[in-house]
Amino acid sequence: MRRLLLLSLVAFSCVARGQEPAPVKPQEGAAASSKVAPATVAAGKETAPKASDKKETEKPSAAAPGPKLVATALPKDKKAVTPVKHVVKHVSAPKHKAAASSANAAGEEGSHHEGEEHAGEAHPEGSHWSYEGESGPEYWGSLDKANSACAVGRMQSPIDLQDATRISQPELTFEYYPGEWQIVNNGHSVQVTVPAGSFLTVDGHQYVLAQFHFHHPSEEAIMGKHFDMVIHLVHKDRKGKLAVVAVLLSDGLASNLIQTLWESIPKEKGKTETISNKLDPMMLLPESRAYYAYQGSLTTPPCTEGVQWFVLKAPLTISEDEERAFAALYPHNVRPLQPRSGRVLEASK
Ligand SMILES: [Zn+2]
């Protein structure tokens with residue numbers, strides 16, 4: 001009886017703070033560190049340089065050098081261009097073209113590796129995770145056997161990005177195309193599913209863009225510093241291997257694309273809506289393709305490892321109002337930084 005009452009209370013409190021008792025589709029990871037508390041990051045790890053000192057030199061800027069987009073663009077298709085004007089500042093000119101057909105469908109969010117898909121039906125009880133309290137990140141590993149990697153994994157995400165090894169990059173080649181997006185507030189984030197046909201190619205290896213979603217603040221940190229938000233663009237290859245591209249967001253100029261997305265968020269949680277404008281995911285990328293790369297995991301249960309991470313150094317901007325609008329839904333959908341455990345962090349030149 002007591003337990004029942006307790007469960008009810010927990011369920012109610014979840015609803016009350018905007019979390020679903022039964023997550024519809026969990027996100028690929030999220031980190032939990034306050035953007036103003038880099039101290040927790042540094043504790044016990046690499047000697048962290050003073051964030052305040054390093055900030056200026058280390059902070060990625062839109063002007064950061066890096067591999068440029070190799071636009072394998074086909075002829076521009078004006079008809080496919082979104083009516084949204086001046087979408088995101090510092091964004092490369094969109095390379096519109098007729099939607100390519102996808103080799104294989106990766107349309108739905110992530111893959112079976114992606115946390116989202118396991119939540120709900122399969123483990124209705126265990127999948128009830130959140131970003132705080134008794135179902136928060138420190139308990140994810142014990143909520144369900146399937147989540148054991150959250151507790152014992154040694155290659156978990158997110159991490160603090162510092163002491164990188166400089167490499168001559170393979171370039172990240174994005175071939176994204178406008179399409180009909182579906183948006184859902186899934187109880188853990190706002191997530192957008194894109195139609196198959198947009199690709200990321202790295203060193204000849206092709207991944208299909210499946211979905212993207214947001215975290216507030218950014219899960220990843222650079223030299224201990226978190227950004228205001230981050231977009232995680234989730235791709236998968238033919239075998240289901242995931243590659244996530246993180247695009248950091250800083251307060252600054254408004255983004256019409258983000259504004260359009262926020263206006264399209266369905267009022268009802270878990271309900272998916274189609275955005276009528278055809279929007280272009282190229283707008284979600286900064287001009288510079290310079291990046292950090294490392295091997296990590298989903299940042300949400302089941303914290304599956306084997307995820308290739310690319311964190312773009314150059315941030316995009318959103319307005320403070322746009323940040324606040326997301327924060328009203330998800331003030332802190334972030335998993336804490338995870339130990340690096342000897343992993344190599346690469347940085348493209
Ligand atoms: Zn994420």
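Why does cysteine 303 count as buried? Cysteine 303 has 29 C-beta neighbours inside 10 Å, so it counts as buried.

Before we go on, a word about the model. It is a predicted one, in which local features need pLDDT of at least 70 and side-chain atom pairs count only at pLDDT 80 or more, while totals for chains, interfaces and linings use all residues. Residues are numbered from 1 along each chain as its sequence is written.

The names of helices and strands come from DSSP runs (H or I, at least four residues, for helices; E, at least two, for strands), numbered from the N terminus. Strand S13 covers 291-297 and strand S14 covers 305-312, and the loop between them also holds proline 302. The peptide bond leading from proline 301 to proline 302 is cis, with omega near 10°.

Apart from neighbours within four places in sequence, alanine 149 is in contact with Ser297, Pro302, Cys303, Thr304 and Glu305; contact here means that the C-beta atoms of two residues, placed from the backbone, lie within 7 Å. Alanine 149 is also 9.8 Å from leucine 298, C-alpha to C-alpha, although 149 residues separate the two in sequence. Alanine 149 counts as buried because it has 20 C-beta neighbours inside 10 Å.

If you follow the chain onward from H6, you come to the loop between H6 and S1, where proline 158 is found. Here too there is a cis peptide bond, joining serine 157 and proline 158 with omega of about 5°.

Next, turn to the strands. Strands of a sheet pair through backbone hydrogen bonds, either parallel or antiparallel. Two strands are said to pair if DSSP finds at least two bridges between them. S7 runs antiparallel to strand S5 (residues 190-193), and three bridges join them; glutamine 191 has histidine 213 in S7 as its bridge partner. Strand S6 (residues 199-202) pairs with S7 over four bridges, again in the antiparallel sense, and valine 202 stands opposite histidine 205. S6 and S7 form a hairpin with two residues between them, and in the turn aspartate 203 has a positive phi of about 55°. Seven bridges join S7 to strand S10 (residues 229-236), also antiparallel, with histidine 215 opposite valine 230 in S10.

Finally, look for an open sheet of three strands in the order S1-S8-S9, with mixed pairing. Its edge strands are S1 (160-161) and S9 (225-226), each of which pairs on one side only. Strand S8 (residues 221-222) and S9 run antiparallel and are joined by two bridges, and isoleucine 222 stands opposite lysine 225. In the loop between S8 and S9 sits methionine 223, which is not a glycine but has a positive phi of about 50°. With 21 C-beta neighbours inside 10 Å, methionine 223 counts as buried.

Notes. Buried ≥ 20, exposed ≤ 12 C-beta atoms within 10 Å, placed from the backbone.
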